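Here is a short briefing for a first look at this structure. Please keep the view open as you read.

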Amino acid sequence: MKIIQIRISTEVMNVFEIDKKKFGQFIAKLRKEKGFTQKEIAKQLLISDKAVSKWETGASLPDTALLIPLSDLLGISVTELLMCERMTQGDTLEANKVENIVKAAIRYGNEKTERAYQSKDQYKWIAFYGLSLFIGFIGIYLNDRTEQPCLETVKTMAFLGAVFGGYFCCFVKTKLPALYDENNISIFYDGAFHMNLPGIRFNNSNWPYIVEAIRITMCLSMVVLPIINFILGSTAANLWTEVGSGLFLILFLGGLFIPVYWAGKKYG
């Protein structure tokens, strides 16, 4: 008999091909074996305990982004989680079982999500990011040439603004999976990018405003911080050398989290 070993990507799975009741019973059993309550599982995943309860009763399934942390928490592999059964150490999968898992995996991810660069109405943000990046580069260059204080701090903040601004202006998902609208989820996974905002429930009502707040904050950080450093470094160099870095950190973090939490709460 031909034996096949594969690695399943959690980006491609279809909730309609998994037995919700069997899945719920399986994770309930594992949770109890580990001695976790539903609240403790929810706390670790930064979601509501109602979401965990829905999984265990078969009312819904976790978002694909939660499958890896959930399997790690329960001490099993993602494949075992999808199969709703444990595999003994050293086991391989028979061809027909592999076929079933692959089909489930492919169909689970049928819900395609558009990214910013794929949407025509998002080009204005890509242009805004490009302009901010150019102006920010000029600002850093002038600060460097005139040897302004707090230059390294400004460079760090501008770099963070460029990285996160680039992601949110050009590559961010413009719509969240439907599960976010059905559950209280405070965590967002997208490949290597993770965002946890306790107290904020991500959904498709507030997501566009959260994204917009981060875009504006990150792009402005590339432009405004070099200008502030240049002006104050030139007029009050001694004082600014002592307090500038701390104030920049407050401005950067406050300018990011306050608008994001405001948008999340108001439109959530």
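Cysteine 219 counts as buried, because its relative accessibility is 0%; buried means under 20% relative accessible area, exposed means over 50%, and partly exposed lies in between (1.4 Å probe, protein chains only). This is a predicted model: local features need pLDDT of at least 70, side-chain atom pairs count only at pLDDT 80 or more, and totals for chains, interfaces and linings use all residues. Residues are numbered from 1 along each chain as its sequence is written, and side-chain values use heavy atoms, with hydrogens and water left out.

**Cysteines**

- A disulfide is a covalent bond between the sulfur atoms of two cysteines.
- Here the cut-off is a pair of cysteine sulfur atoms within 2.5 Å.
- The count by this rule is zero disulfides.
- Cysteine 219 is in no disulfide. Its nearest cysteine sulfur belongs to cysteine 169 and is 3.9 Å away.
- Cysteine 150 is also buried, with a relative accessible area of 12%.

**Overall build**

- The protein chain has eleven helices and four strands. Helices (H or I, at least four residues) and strands (E, at least two) are DSSP runs, numbered from the N terminus.
- The protein chain has 268 residues, and 44% of them count as buried.
- Take the contacts in the protein chain with a separation of 6 or more: residues 24 or more positions apart account for 72% of them. Contact means heavy atoms within 4.5 Å.

**Salt bridges**

- Side chains of opposite charge can pair when their charged atoms come close.
- How many salt bridges does a search of the whole structure find? It finds three. The rule asks for a side-chain nitrogen of Lys or Arg within 4 Å of a carboxyl oxygen of Asp or Glu.
- Arginine 31 and glutamate 56 form one of them, at 2.5 Å from N to O. Arginine 31 lies in helix H1 (residues 20–34) and glutamate 56 in helix H3 (residues 49–57), so the pair ties together parts 25 residues apart in sequence.
- Both partners have values for burial: arginine 31 is buried at 10% relative accessibility, and glutamate 56 is buried at 15%.
- Arginine 86 forms a salt bridge with glutamate 33, and their closest N and O atoms are 3.1 Å apart. Arginine 86 lies in the loop between helix H5 (78–83) and strand E2 (93–94), while glutamate 33 is in helix H1, so this pair ties together parts 53 residues apart in sequence.
- Arginine 86 is partly exposed, at 45% relative accessibility.
- Lysine 155 and glutamate 152 meet in a salt bridge at 3.9 Å, N to O. They are three residues apart in helix H8 (residues 151–171), which means that about one helical turn separates them.
- Lysine 155 is partly exposed at 32%, whereas glutamate 152 is exposed at 54%.

**Helix H1**

- H1 has 15 residues and reaches 21 Å from its first C-alpha to its last, close to the 21 Å expected at 1.5 Å a residue. The expected span is 1.5 Å times one less than the number of residues.
- Its buried residues are Phe23, Gly24, Phe26, Ile27, Ala28, Leu30 and Arg31.
- What covers these buried residues includes helix H2 (38–45), H3, helix H4 (64–74) and H5.
- Glycine 35 follows H1 and has a positive phi, near 80°.

**Helix H11**

- H11 (residues 237–267) has 31 residues, which should span 45 Å at 1.5 Å a residue. Its end C-alpha atoms are 42 Å apart, which agrees.
- A kink of about 50° is centred on valine 243. The bend at a residue is the angle between axes fitted to the seven residues ending there and the seven starting there.
- Among the buried residues of H11 are Trp240, Phe248, Phe252 and Leu256.
- The buried residues of H11 pack against H8 and helix H10 (207–235).

**Two loop sites**

- Aspartate 121 sits in the loop between helix H6 (95–108) and helix H7 (123–145). Aspartate 121 counts as exposed, at 52% relative accessibility.
- Serine 186 lies in the loop between helix H9 (179–182) and strand E3 (187–190). Serine 186 counts as buried, at 9% relative accessibility.
- Leaving out residues up to four places away in sequence, serine 186 touches several residues, including Leu46, Met195, Pro198 and Phe202.
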